[in-house]
Amino acid sequence: MKYIKESTEFGLDMVRGLPRVWHAVQNNIEHQVHVKPGLKDLYGLFTDNVVVKSDFVVNHPTSLFQFERPDWTLNEWTPPPLKEMFKDKVSFDKPTIVINNKWDGDLGPKDTNRFLNRYPDIDLSMGAMIQRDDGFTSFNHYSMEFIDKLVKEYSDRYKIIYISPIFGDNYFKDNNRIISVDDYGYIEKNYPEIYTIKEHMKRKNISYNIAQFELEASSDKHLSVMGGNCKISSYFGGDVIIHMGAGYKYGEIAKGKRGIFKTGSWLRHLSGANIIQFNTYKDIFNYIGENW
């Protein structure tokens, strides 16, 4: 009996847990999977041998963050074909751009202040920085101003799809410092033409995890962010743009040094996706204008 367990953050479920499970299923290896609350439906896509455990300890292997693929991806590691599994679940009358977003205060006050003092001229236009009351800052998001511009310039050619966390029984919440932003309210009021995961979940009566896969599978153009988001997007081929905000640009902050988020990183092995990393909204729009 092979036991597969991921008790750390969600990103490891996507890049280690699921490929190990899929490998076991494909090779008829007897197995049992121990999963965190909220993820039974995710692993249940591939196996019935799922046991929910409540233990959660952040414990990342350092090799996760390197540019080249870790040694543990070389054996008993087969990413499930999520694009193929979900590509026909939803369709639109135009090609799609998927925004896989989050609002996470993952940079502390000291690091934020040090960065801003050292680089006072860094490009923080269009809402690229947002802070919580306790000083924790997000540079790693797509702002409402960014979405304004994307809709105005590209909604005539593309159906824009929006994903950001909706907390519930089928969403596993890490120890992140969430920043409260009424993104869905803003979109519903100003851009009803954007199709959101919130609407999709309601329309099809499905969980967040499954809805996310269905929407990502509709596209070969993905706007994602560091963390579990880009690990999901990387399963669905095409261009995966990872926004590593200006606060991480110079690599002085730990996440800014992580090779996994860099252009061409080992995330490409999840589906053959083109992994592209940018630090500013300007760079992202330049790429979209030249390539999409």
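This is a predicted model: local features need pLDDT of at least 70, side-chain atom pairs count only at pLDDT 80 or more; totals for chains, interfaces and linings use all residues.
**Close-up 1**

**Close-up 2. Strand 7 and its pairing with strand 4.** Here we meet strand 4, residues 96–100, which pairs with strand 7 in the parallel sense over 5 bridges. To find your way between the two, look for Ile99, which stands opposite Tyr162 of strand 7.

**Close-up 3. Strand 7 and its pairing with strand 8.** Strand 8 (residues 195–196) also pairs with strand 7 in the parallel sense, over 2 bridges. A handy landmark is Ile161, whose bridge partner in strand 8 is Tyr195.

**Close-up 4. The largest nonpolar core.** This core holds 47 residues, and Met14 and Tyr43 touch the most other members. At least two residues each come from helix 1 (10–26), strand 2 (31–35), helix 2 (40–43), helix 3 (82–86), helix 8 (208–216), helix 9 (228–233) and strand 10 (239–243). Helix 1 provides the largest share, with 8 residues. In soluble globular proteins, nonpolar side chains tend to be buried together.

**Close-up 5. Tyr43 and its contacts.** Leaving aside residues up to four places away in sequence, Tyr43 touches Glu6, Asp13, Gly17, Leu18, Val21, Val33, Val35 and Val50.

**Close-up 6. Another core, apart from the largest one.** This separate core has 40 residues, including Tyr154, Ile161, Ile241 and Trp292.

Key:
Residues are numbered from 1 along each chain as its sequence is written. Side-chain values use heavy atoms; hydrogens and water are left out. A nonpolar core is a set of buried Ala, Val, Leu, Ile, Met, Phe, Trp, Tyr and Cys residues joined through side-chain atoms within 4.5 Å. Buried means under 20% relative accessible area, exposed over 50%, partly exposed in between (1.4 Å probe, protein chains only). Helices (H or I, at least four residues) and strands (E, at least two) are DSSP runs, numbered from the N terminus. Contact means heavy atoms within 4.5 Å. Two strands pair if DSSP finds at least two bridges between them.
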